[in-house]
Amino acid sequence: MSKTVEIPVSGMSCAACAVSVETVLKETPGVQSASVNYATQAATLVFDEKTTDLNQARKNIHAVGYELLIDQQEKDSLEEVQKAAYKKLRRNTIASGILALPVFLIGMFWMEMPYGNYIMWFLTTPVLFVFGRAFFTNAAKQTKIGKANMDTLVALSTGIAYLYSTFATFFPQWLEGRGIVAHVYFETAAVIVFFILLGRMLEAGAKAGTSEALRKLIGLQPDRLIAIRDGKELSLPVKEVEIGEVIMIKPGQRVPLDGILEQGNSYVDESMLTGEPIPVEKKPGDTVYAGTINQKGSFIFKASVSASETLLAAIIDRVKQAQGSKAPIQKTVDKVTAVFVPVVLGLAVLTFFVWTFSGVEEAVVRGMLSGITVLVIACPCALGLATPTAIMVGMGKAASYGILIRDAESLERGKRTDSLILDKTGTITLGKPTVKTVKWKTGVDETQLSRVFQALESKSEHPLAAAIAQHFTSSDKSLGIENFQSETGKGVSARYEGKTYRIGTQNWLLSLEVGMEDDLIQSGQKALEDGSILVYLAVDASLVGWIAISDQIREDSAEAVATLEKMGITVHMLTGDQEKTAASVAQAVGIRHFQSGMLPQDKGNYIRELQKQGHKVAMVGDGINDSEALVLADLGIAMGAGTDIAMETAKVTLMHSSLKSVPQLLQLSTQTVRTIRQNLFWAFIYNIIGIPIAAGLLYPISGFLLNPMIAGAAMALSSVSVVSNSLRLKFTKIK
């Protein structure tokens, strides 16, 4: 049986590290797929529980210099581990900067200083092998398994400069005897280590900002609660509380778990779930949700789920999974990253030999410096961060708007959408239909028919059935009906005392050869023209009445449709209702393309037809009857107040159940994809331009040779600039 888990990974310092970890995990027996995200520092594994040994996978990962945090305790401490790592990185950065500054000053301005070379050697040694030790240890571990990453480039470049300078310091006569000036490059090695440590520190701080939305969601979960046991109030950790626990909530407290209110009345702020600022009245029997805030009253409720199974926990899990997923474009970047470091190593060696045999003055030294510069300036980190950081910010921003996106691919698809299909009931309308009028055939027993039809509709799951059953209230709970049948999109039928009772559409009843009373049909036309939904009632082969049902249009539906049209997206409405009802609703919200009388399979065929024409289709729905269409669409969007099936099949869930969230989603998708492309453009351009200049391309033309220290600073800034560009998404306005 396959299982999917997300496991934190510690110790990754660049995008090539993520590729190495991913490669090792994929080689683990039983692992079906593995995806490692450098930005989130986590691996998503799909594996066979029977054949996969995760402990062996952890050992394999440890052997190449990283840690797979499998145990729950390790997962819980990941944030602490990351904080400790950041503090250590900051200490190393500051210490290396303090030591590198005098080395830089001596090497650049006080070169004739007595014992200057020895002082620089003394200060540079701890910079490389104490504060920059991780570069060398990680590079050694990578070399053992035949891999290379950013640490390899840094270790080689600074190590070569250090070794050459050390030899020139202690054995200058050997070099001078061969006509080579015994110049040292300690400042190059020290400053490169400092700049790269500084870049990683700034990068870590910037990346922390990309997960701010997720931290806010997690912050909505209280750590402790007040449980009532044997009449006593006990303060307990939320994680230790089991299902069925009786919990006291006082004014101003956050609800710690989902449950059913048992005693008391209050108003609860559920804006974090629904987006509605007005507190909702809660009374015995109502459901309360974790993370919501109690207002003035106190109440007691019984926990119906554990802490890991609350609606808020599910939202947090979906955001985590979404932020950790990879967009299709990232797969191409991963392939480039996998070969990037070996290619750079080859270019550095080639640069050294070209310079060595060029015949210019001090060719070997210039070749060494140019090779070092190539190693330093190459930056797979910027490539690796370009996509995931933008995805993390985009997903987090979407979550803050109440839009839960299942994966990065769905976010990317939103930008390509040009056609949007809307269900009517529960999507354009509130989905809370009420009976306006009941018209009976003259001479029928209205009381008896009401009892039977109430019993019939109480067995149906159609959204309109509850409204009809509620309208036909009956105190007789023992009324038994037989042979209940439901035909999706058409109606329901059952037998009672030898007669067949049916409720459904006019076309369905006509297909069953039910006789239509002209007076009843004509009287129903006015209700249809007013936008009501008409349901017909029949006994055996005779029409006995009709029911007019109205469903209020959402206040923001017309505004959302207008915004979508301005964005160049064609909006379609598909509904199973009658044509006049559909036309009335479509006109009210400004939809020009609509179809009525649509069965679930008809909606699917409609989507297929649009896709055949080359359109990228998004579908918004809320019911079981929309599930097929949600799967077939390029992007399925479920209303948060809809059915669980709709939300499971859809790629996006709108927690606020507002159509205004749809243009927000598509705008955010466009902005995120644009940011990814900007990041990738600058990351590729940086390397395409930087590496040739580092190799000395401009030297024959202008005599310019790039200083390795400047290359180190540029490399550090490239990663920071990519992350900073992604962070701009947080401040972009969405209408």
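Helices here are DSSP runs, H or I, of at least four residues, numbered from the N terminus. Keep that in mind for the next part. One caution before we go on: this is a predicted model.

Let's start with charge. Arg91 is found in helix H4. Is Arg91 buried or exposed? Exposed: its relative accessible area is 53%, and exposed means over 50%. Together with Lys87, Lys88, Arg90 and Arg133, Arg91 forms a positive surface patch. Which helix gives the most to that patch? Helix H4, residues 78-108, with 4 residues.

Now the strands. Strand S5 covers residues 224-229, and strand S6 covers residues 232-237. The two pair in the antiparallel sense, over 6 bridges. For one of the contacts, look at Ala227: its bridge partner in S6 is Leu234.

Next, a sheet. Here 3 strands form an open sheet, in the order S10-S9-S12. The pairing is antiparallel. Why is one side of S10 and of S12 left without a neighbour in the sheet? Strand S10, 280-282, and strand S12, 293-294, stand at the edges, and each has a single partner strand, so one side of each has no neighbour there. Take the S9 to S12 pairing. Strand S9, residues 266-269, is joined to S12 by 2 bridges. Within that pairing, Val268 stands opposite Asn294 in S12.

Technical notes: Residues numbered from 1 in each chain as written. Predicted model: local features only at pLDDT ≥ 70, side-chain atom pairs only at ≥ 80, totals over all residues. Heavy atoms only, no water. Patch = residues over 30% accessible without salt bridge, like charges linked within 9 Å, V, L, I, M, F, W, Y side chains within 5 Å. Areas by Shrake-Rupley, 256 points an atom, 1.4 Å probe, with all protein chains shown as cover. Salt bridge = Lys/Arg side-chain N within 4 Å of Asp/Glu carboxyl O. Lys, Arg positive; Asp, Glu negative; His and termini not counted. Charge placed at Lys NZ, Arg CZ, Asp CG, Glu CD. Buried < 20%, exposed > 50% of the residue type's maximum accessible area, 1.4 Å probe, protein only. Pairing = 2+ DSSP bridges.
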